[in-house]
Amino acid sequence: MRALPIAVLLSAPVLAQPAIDLNQMGFSPGAPRMAVVRGAGDAPLDWELVDSSGKVRLSGKSRQLGPDVAAGQSLQRIDFSGQVPEGRYRLRAGGTTSPAFAIADGLDAPLARDALHYFYHNRSH
């Protein structure tokens, strides 16, 4: 009889918390900035762009993209391309918060050097 409660728990659906996907390295100040929220339902979400001191710098509503059939989740897009000062930020939406990311010039400068180092060390002989 003890196996029954465990079986009921194991068969219960798992409710996933929404997740925010974005470029965690960061964004250039003048570039478009987009994020995707997975698993937050079909209704548009209120979102906030929060700086490192906790001040809300931008806010708005997400836009429904539709279902991702392969993942079994609905997707929503957040466009947070408004003007904000350079700094570290987090995006909040759907009861979840993104990892911290930067909005600053020159974030992608080391990529060319890093790519050359990778190909140099991994070239075929």
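Trainee: Before we start, what should I know about the model and its numbering?

Mentor: Residues count from 1 along each chain as its sequence is written, and side-chain values use heavy atoms, with hydrogens and water left out. Because this is a predicted model, local features need pLDDT of at least 70 and side-chain atom pairs count only at pLDDT 80 or more, while totals for chains, interfaces and linings use all residues.

Trainee: How do I read a sheet, and what is the strand order here?

Mentor: Strands are DSSP runs (E, at least two residues), numbered from the N terminus, and two of them pair if DSSP finds at least two bridges between them. Here four strands make an open sheet in the order E1-E3-E7-E6, with antiparallel pairing. Strand E1 (19–21) and strand E6 (63–68) are the edge strands, each pairing on one side only.

Trainee: How many bridges join the neighbours, E1 to E3, E3 to E7 and E6 to E7?

Mentor: Three bridges join E1 to strand E3 (residues 34–38), and isoleucine 20 stands opposite valine 37 in E3. E3 pairs with strand E7 (residues 73–79) over five bridges; there, methionine 34 has aspartate 79 in E7 as its bridge partner. E6 and E7 also pair over five bridges, with proline 67 opposite serine 74 in E7.

Trainee: Is threonine 96 buried or exposed?

Mentor: Buried means under 20% relative accessible area, exposed over 50%, and partly exposed in between (1.4 Å probe, protein chains only). Threonine 96, in strand E9 (residues 96–97), has a relative accessible area of 14%, so this residue is buried. Leaving aside residues up to four places away in sequence, threonine 96 touches Gln17, Pro18, Ala19, Ile20 and Leu91 (contact means heavy atoms within 4.5 Å).

Trainee: And how do I describe two aromatic rings?

Mentor: Use the distance of the centres and the angle of the planes. Rings of Phe, Tyr and Trp (its six-membered ring) pair if their centres lie within 6.5 Å; planes under 30 degrees apart count as stacked, over 60 as edge-to-face and the rest as tilted. By this rule there are four aromatic pairs. In one of them, phenylalanine 27 and phenylalanine 101 have ring centres 5.6 Å apart and planes at 85 degrees, so the pair is edge-to-face. The two residues are 74 residues apart, in strand E2 (residues 26–27) and strand E10 (residues 101–103) respectively.

Trainee: Which residues form the aromatic cluster?

Mentor: Phe27, Phe80 and Phe101 form one cluster; phenylalanine 27 and phenylalanine 101 are both buried.
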